[in-house]
Amino acid sequence: MSEINSIYADYQATTPVDPRVIKSMKPFWNESFGNPHSSNHARGWQAEQAVRDAAASVAGLIGADSDEIIFTSGATEANNLAILGLARRALPGRNRILISAIEHKCVLATARSLAAREGFIVEQIAVDGGGLVNLDSLEKQLDGNVLLVSIMAVNNEIGSIQDVAAIGTILASCDIPFHCDAAQAPCAMDISTIASFADLVSLSGHKIYGPQGIGALFIRREFQERIEPLIYGGGQQGGLRSGTVPLPLCVGIGAAAQLLVDNSVRGERDRIARQRDRFVELLRLGGAPVATNGPVTSHRHPGNANLHFNGFDAQDILGALQPRLAAATGAACTTGIPEPSHVLRAIGLSAAECDASIRFSFGRFTSDEEINVAVEVVMKVLDVLNES
């Protein structure tokens with residue numbers, strides 16, 4: 001397979017696997033390959049210990065205990081397990097589900113399926129122009145009928161960073177479970193205490209420089225009996241998610257999580273934010289008609305630049321950028337859906353403005369030189385499109 005020679009600016013869609021993560025996974029493909037659930041021999045014990053270690057690393061990332069970590073196929077499954085699992089063991093009268101207006105499509109779709117098929121009432125929590133939840137408005141929506149509130153920690157399109165601690169404190173005072181999709185959060189903010197404020201937290205391996213196909217759901221210990229499984233079988237993972245866990249992938253997400261608790265991570269985030277800001281500044285200095293969509297930088301994912309190119313069509317720009325620069329119009333998981341971004345509409349953009357918006361996202365392996373070249377490529381494309 002030939003390698004595509006392009007600058008990668010789509011880190012929020014997926015991150016490349018860190019070489020250190022690959023190294024940690026390698027023995028578990030064909031050397032230490034035992035079934036973690038085989039309890040009768042040493043290979044199985046070794047594999048089980050590797051999974052336990054991985055769970056401990058993921059737990060350490062968010063301030064949880066390892067027995068509160070359930071491995072899944074990704075954040076989408078984790079979100080489904082959290083919402084459907086809690087709904088299907090809901091107490092009588094708890095029939096309202098509140099979700100922010102900018103949640104990931106899988107959260108929106110899961111909640112709507114409960115409304116359509118199982119009689120739940122789903123209500124959206126409005127956000128401001130920066131994509132931030134208004135806490136006063138949230139409090140006014142709460143009552144004893146609310147089963148669950150689901151608010152993502154960091155938005156995947158515009159990078160809005162929510163005040164998870166404040167949200168969790170409000171909901172705890174009302175005895176309402178808080179589910180937090182934190183797939184984008186580890187690379188954007190310190191989440192070492194998020195398990196203290198949320199009752200269920202979803203994570204994804206391929207958003208944190210780990211492998212695709214693996215995720216995790218933190219379920220606070222006292223909530224585990226309140227979750228109905230989606231997958232039944234041999235009762236693995238405390239019966240909450242049956243099936244043989246993928247040993248190398250578990251090791252991979254554990255290794256990726258371990259790298260994110262290193263003291264160097266803050267410096268990495270600061271560097272990426274500077275590169276992001278420089279990218280936007282150079283575009284503006286070059287005369288590109290760009291405006292930033294979403295929050296101010298202090299409440300924004302450090303790698304996220306969601307830009308509105310006034311007078312242009314985003315798909316025209318992205319097509320002309322190929323194969324030199326990889327970026328996106330929004331969430332990769334909504335590919336093929338011919339409608340404006342629900343996130344951009346929720347923060348007040350018109351359909352035309354949505355159609356002119358592109359998300360550039362940078363990360364761990366982005367270089368300063370790539371920022372310079374990316375700006376040059378974008379400016380050349382804009383010139384060509386202006387002439388056509």
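Reader: Is strand β12 (residues 357-361) largely enclosed or largely open, and how many of its residues are buried?
Author: The model is predicted. Strand β12 is largely enclosed by the rest of the structure, because the buried residues in it number 5 of the 5.

Reader: Which residues point each way from β12?
Author: In a regular strand, side chains alternate between the two faces of the sheet. In β12, all the residues on either side are buried. Ser357, Arg359 and Ser361 point one way, and the other way point Ile358 and Phe360.

Reader: Where does β12 stand in the sheet order?
Author: The sheet is open and has 3 strands with antiparallel pairing. β12 and β9 (290-292) each pair on one side only, as edge strands. The order is β9-β10-β12.

Reader: Which residue of β12 is the bridge partner of histidine 308?
Author: Strand β10 (residues 304-309) runs antiparallel to β12 and is joined to it by 5 bridges. Leucine 307 stands opposite isoleucine 358. For histidine 308, the partner in β12 is serine 357.

Reader: How many residues apart in sequence are the parts tied together by phenylalanine 279 and phenylalanine 360?
Author: The whole structure has 6 aromatic pairs. Phenylalanine 279 and phenylalanine 360 form a tilted one, with 4.9 Å centre to centre and 55° between the planes. Phenylalanine 279 lies in helix α9 (residues 265-285) and phenylalanine 360 in strand β12, so the parts tied together are apart in sequence by 81 residues.

Reader: Is phenylalanine 360 buried or exposed?
Author: The cut-off for buried is under 20% relative accessible area. Phenylalanine 360 has 0% relative accessibility, so this residue counts as buried.

Note on methods:
Residues numbered from 1 in each chain as written. Predicted model: local features only at pLDDT ≥ 70, side-chain atom pairs only at ≥ 80, totals over all residues. Heavy atoms only, no water. Buried < 20%, exposed > 50% of the residue type's maximum accessible area, 1.4 Å probe, protein only. Helix = DSSP H or I, 4+ residues; strand = E, 2+ residues; numbered from the N terminus. Pairing = 2+ DSSP bridges. Phe/Tyr/Trp six-rings, centres within 6.5 Å; stacked < 30°, edge-to-face > 60°.
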